Amino acid sequence: MDTVKTLCPYCGVGCGLEVVGQNNSNNDLSGWKVRGDRSHPSSQGMVCVKGATIIESVDVDRLMQPMVRDRLDQPFQPTSWDAALDLIVAKIQQVRRNLGSDGLCMYGSGQFQTEDYYTAQKLFKGCLGTNNFDANSRLCMSSAVSGYVQSFGADGPPCCYDDLEQTECAFLIGTNTAECHPIVFNRLRKHHKSNSQVKMIVVDPRRTPTAEAADLHLAIQPGSDIALLNGIAHLLLQWGKQDQAFIAQHTNGFEEFATLVKDYPPERVAQICGITVEDLETTARYWSESASVLSMWSMGINQSTQGTAKVQAIINLHLLTAQIGKPGAGPFSLTGQPNAMGGREAGGLAHLLPGYRSVTNPQHRADLEWFWRLPVGQISDRPGRSAWDIVRGLENNEIGLLWIAATNPAVSFPDLERTKAALRRSPFTIYQDAYYPIETSAYAHVLLPATQWSEKTGTMTNSERFVSLCPAFHQPIGESRDDWAIFAEVGRRLGFGDKFRFANSAQVYAEFVKITRDRPCDQSGISHALLTEAGPTQWPHPASSQRSNQPKRLYQDYRFNTADGRAKFGINHNNGLSEATDDAYPFVLTVGRLYGHWHTQTRTGRIKKIQQMHPQPFIEIHPRDAEEIAATAESWLEVKSRRGMARFPVKITKAIAPGVVFVPMHWGALWAEDAEANSLTHPDLDPISLQPELKACAVRLRVLSNLEVSAQTDRKTEMSGTLTQ
Ligand SMILES: Nc1nc2c(c(=O)[nH]1)N[C@H]1C(S)=C(S)[C@@H](COP(=O)(O)OP(=O)(O)OC[C@H]3O[C@@H](n4cnc5c(=O)[nH]c(N)nc54)[C@H](O)[C@@H]3O)O[C@H]1N2
Ligand SMILES: Nc1nc2c(c(=O)[nH]1)N[C@H]1C(S)=C(S)[C@@H](COP(=O)(O)OP(=O)(O)OC[C@H]3O[C@@H](n4cnc5c(=O)[nH]c(N)nc54)[C@H](O)[C@@H]3O)O[C@H]1N2
Ligand code: SF4
Ligand SMILES: [Mo]
């Protein structure tokens with residue numbers, strides 16, 4: 001039997017896995033088993049149901065070979081890799097002639113390995129000279145990135161998981177950690193349970209399993225987080241609980257901040273948030289009385305038109321009280337995807353370059369031009385198209401070639417009807433994924449089969465900056481190829497042979513780490529060989545460093561990455577939701593996740609145990625609201641927003657705040673009829689992070705008649721039918 005140490009390819013917790021089985025000549029994976037790796041520093045042997053069952057999805061419904069078609073209404077025809085790559089290269093050249101390089105566009109994913117990300121940046125931003133590479137992290141972590149940059153001068157979560165066991169007060173806001181980062185939550189929960197003085201506060205309009213475990217649950221109204229955070233600051237200042245010395249020596253903007261929070265007295269804040277003054281005061285008291293406070297957040301904060309401002313408002317509280325750079329303290333964004341962190345390091349958003357660099361910074365562009373041996377001025381100084389800007393570009397005929405990899409925008413983008421209409425306009429779409437069918441395959445002209453976890457070797461960085469190696473341990477399924485290798489081959493065929501001489505992904509990583517040298521995310525001392533020998537390694541890890549003397553936390557010396565080394569208070573008022581409720585659309589819809597499923601179900605929908613755990617979509621509604629619209633436990637609701645419609649069976653529960661309804665994001669067109677959450681959402685963006693407000697829109701509800709319910713439940717989704725639209 002072989003035992004392979006690897007990383008779970010689902011969430012950003014980044015649990016170490018041990019996969020045990022026997023490699024056989026027919027590539028049969030049925031005998032392989034997965035268990036937690038006790039030696040992994042982040043997860044210490046724990047796994048959740050997703051990690052434990054991952055192997056079951058690896059060889060089901062895989063895309064086996066490249067496929068092509070001229071038009072979306074035609075069936076796909078199998079083709080060879082050579083023919084598919086020649087076609088792609090010819091199209092790229094044609095688009096460059098007709099529209100210039102900015103007519104090309106790639107949309108990638110936090111599920112890429114760092115080597116995939118890096119190769120794509122070199123091809124697009126370097127060789128082709130367009131910054132049109134964005135990733136699904138734009139829908140996920142980009143507000144955390146811009147919040148950190150605004151406050152600290154650089155990205156990078158400053159905390160580590162050891163803080164979970166050292167904190168005196170965990171402040172969880174806009175995160176359902178128990179279901180979405182289960183092993184982080186296990187570690188925190190254990191600490192909380194065994195130390196009575198440790199406090200846990202959860203801020204979420206839903207009483208989630210996370211909130212169930214808290215000492216204090218603040219069920220605030222969606223879109224009121226900044227009022228709450230400024231209200232806490234108001235009380236801390238009123239009580240004189242700020243750390244004056246830290247503020248004076250290490251921050252800027254305090255005076256303005258103190259003036260701002262005068263506008264947030266307790267009564268006003270309680271009223272905006274829909275909570276009691278007493279609960280607000282208790283929260284501020286926990287903050288002020290705890291020797292260490294650790295904030296954690298994810299999509300309930302980031303996915304908002306004020307996402308960056310919300311992140312800054314959280315960080316403000318840490319600056320006010322000097323709760324940073326020490327054990328058990330700090331503002332900790334929990335990364336969603338397994339390698340969204342690696343994506344940030346490799347420059348995988350349309351405004352970034354590898355090594356935490358920015359396309360708008362002349363020195364940063366010059367660094368990369370020199371390193372990649374490109375002519376001066378080759379890298380564009382304009383940020384490329386962010387996720388939603390791809391839809392606008394397609395609508396305006398500005399995109400000639402769209403290349404989508406490792407993400408399923410035909411389910412996960414906001415305003416799906418508009419998104420789908422835009423995808424249908426694309427002159428040429430390449431879709432590179434491991435599975436078939438997937439909702440987005442319906443919008444592709446070329447399908448490229450990608451290898452995935454277990455059959456490709458590469459690195460991923462988790463939420464606490466640990467880089468782990470995920471080695472290939474069996475043959476690729478079908479004719480699938482590694483993402484980085486596909487990008488490199490296209491680069492060579494376009495005439496950039498000298499830039500893509502990589503024989504394997506270890507060489508790609510070795511090149512990448514060189515440009516992280518002396519940058520905040522310095523990992524120039526890490527290599528595939530080191531990760532194999534010594535195991536997961538946390539950055540910063542410069543070439544000269546010893547493993548043992550690396551700081552686990554950033555900013556222990558209180559020197560921030562700004563010009564004067566000081567962190568900055570953000571000055572932001574609470575603007576509320578981008579789409580407020582009104583008489584026509586009186587409810588706030590919020591959309592999120594369930595413990596067992598992963599996003600659009602490409603893997604988890606194909607795992608029996610998980611399907612049984614979450615058999616169908618539903619809508620959560622408060623008993624008071626249910627009574628008002630005359631819904632019973634057996635009802636189905638039609639949900640309409642200004643953009644679309646969906647239908648769900650009802651779940652009446654006090655776990656949701658009155659006036660708010662919740663639906664899971666997991667059911668796209670392949671998995672249920674009319675249950676796409678994003679047919680309802682809107683694409684309004686945060687002006688800085690360009691992240692859409694996927695967490696909230698205004699809807700109205702109608703109870704379906706018995707006749708409508710039976711018609712709805714009879715309509716079975718024909719997978720192939722959906723795919724040839
Ligand atoms: N099981 C599972 N785990 C996952 C994933 C998955 O698909 N399935 N995906 C991974 C990814 S990529 C991500 S990004 C993370 C996401 O992890 P989370 O952010 O924890 O998950 P969500 O359910 O999207 O949203 C979290 C909570 O935000 C709350 N919320 C909504 N509006 C507001 C608001 O205005 N204010 C506040 N304070 N809260 C609000 C919702 O009620 C919800 O409970 O999970 C990762 N882990
Ligand atoms: N309303 C609403 N919408 C949301 C959200 C929300 O909370 N509310 N959350 C948003 C967030 S945070 C996220 S992260 C997105 C997620 O949305 P998506 O990224 O669209 O969802 P996934 O189902 O994770 O799609 C990942 C795809 O990558 C493929 N894949 C896996 N590994 C590999 C590989 O190595 N190579 C290649 N080429 N393919 C691979 C999988 O088969 C799968 O098809 O959804 C966003 N949309
Ligand atoms: S907590 Fe996240 S990384 Fe860990 S096993 Fe579960 S899905 Fe995988
Ligand atoms: Mo995400």
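The model is predicted.

**Ligand 3 site**

- Ligand 3 sits in the second largest cavity.
- Its surroundings include the cysteines C8, C11, C15 and C48.
- Y10, G14, V47, K50, G51, P182 and I183 also surround ligand 3.
- Two helices, α1 (49–53) and α6 (182–194), each supply at least two residues of this shell.
- By class, the shell around ligand 3 holds eight nonpolar residues, two polar ones and one charged one.
- K50 is the charged member, because Lys counts as charged.

**Helix α3 and its partners**

- Helix α3 (residues 114–128) meets helix α21 (residues 505–514), with axes that come within 9 Å.
- The crossing angle of α3 and α21 is roughly 65 degrees.
- The two helices, α3 and α21, are therefore roughly perpendicular.
- The cut-off matters here: angles of 65 to 115 degrees count as roughly perpendicular.
- α3 passes α21 with left-handed geometry.
- Helix α20 (residues 483–493) also packs with α3, at an angle of about 20 degrees and with the axes 8 Å apart.
- That angle makes α3 roughly parallel to α20, since the class takes in angles under 35 degrees.
- The α3 and α20 crossing is left-handed.

**Cis peptide bonds**

- Most peptide bonds are trans.
- Y436 and P437 are joined by a cis peptide bond, with omega about 0 degrees.
- W539 and P540 are joined by a cis peptide bond, with omega about 5 degrees.
- P540 lies in the loop between β21 (537–538) and β22 (567–568).

**Positive phi**

- Most residues other than glycine have a negative phi.
- N397 has a positive phi, near 55 degrees, and is not a glycine.
- The loop between α17 (387–395) and β16 (401–405) contains N397.

Definitions and conventions:
Residues numbered from 1 in each chain as written. Chains lettered and ligands numbered in written order. Predicted model: local features only at pLDDT ≥ 70, side-chain atom pairs only at ≥ 80, totals over all residues. Heavy atoms only, no water. Near = heavy atom within 4 Å. 1 Å grid on protein atoms, 1.4 Å probe; cavity = no way out; pocket = protein on both sides within 12 Å on 5 of 7 lines; lining within 4 Å. Sits in = over half its atoms within 2 Å of the grid points. Helix = DSSP H or I, 4+ residues; strand = E, 2+ residues; numbered from the N terminus. Axes fitted to C-alpha atoms, helices over the stretch in contact; angles between N-to-C directions. Parallel < 35°, antiparallel > 145°, perpendicular 65-115°, else oblique. Left-handed = near helix turned anticlockwise from the far one by under 90°.
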